[in-house]
Amino acid sequence: MNETLKAISDPVRRDILSMLKEGKKSAGEIGGHFNLTGATVSYHLTKLKKADLISEQKHKNFIYYELNTSVFEDVIRWIYMLGGNMK
């Protein structure tokens, strides 16, 4: 949970997650939306992968990233529990 919350605390990573909500994207497609170096985009993708918020699939010379929605369900469940709405 700590890795997840740390990962979503960064606005660039939240923007990447929003992009991936629309479907799989390659690293190039993701990087094309930001005024960042490829290394910086790779850094953010690594943080998101480490938190298990995204997964990657290799297809020929490209790596595609997609959301791992099960982790979001765990975070939402934890937040609801804080509010006393669930046990």
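Visitor: Why is R77 called partly exposed?

Guide: This is a predicted model, and in it R77 has a relative accessible area of 39%. Partly exposed covers what lies between buried, under 20%, and exposed, over 50%, so R77 is partly exposed. D74, with 42%, is partly exposed too.

Visitor: What makes the contact of R77 and D74 a salt bridge?

Guide: Their side chains meet at 3.1 Å, N to O. The cut-off is within 4 Å, between a side-chain nitrogen of Lys or Arg and a carboxyl oxygen of Asp or Glu, so this pair counts as a salt bridge. Both residues lie in helix α5, three residues apart, about one turn of the helix.

Visitor: How many salt bridges does the structure hold?

Guide: There are two. E56 forms a salt bridge with K49, where the closest N and O atoms are 2.9 Å apart. Here E56 is partly exposed at 33% relative accessible area, and K49 is partly exposed at 30%.

Visitor: Which residues of α4 are buried?

Guide: They are V41, H44, L45 and L48.

Visitor: How do you know that they are on the same side of α4?

Guide: They cover an arc of only 100° around the axis, which puts them on the same side of α4. On the other side, A39 and K50 are exposed.

Visitor: What covers the buried residues of α4?

Guide: The cover includes the helices α1, α2 and α3, along with β2 and β3.

Notes: Residues are numbered from 1 along each chain as its sequence is written. This is a predicted model: local features need pLDDT of at least 70, side-chain atom pairs count only at pLDDT 80 or more; totals for chains, interfaces and linings use all residues. Side-chain values use heavy atoms; hydrogens and water are left out. Buried means under 20% relative accessible area, exposed over 50%, partly exposed in between (1.4 Å probe, protein chains only). Helices (H or I, at least four residues) and strands (E, at least two) are DSSP runs, numbered from the N terminus. The arc is that of the directions from the helix axis to the C-beta atoms. Contact means heavy atoms within 4.5 Å.
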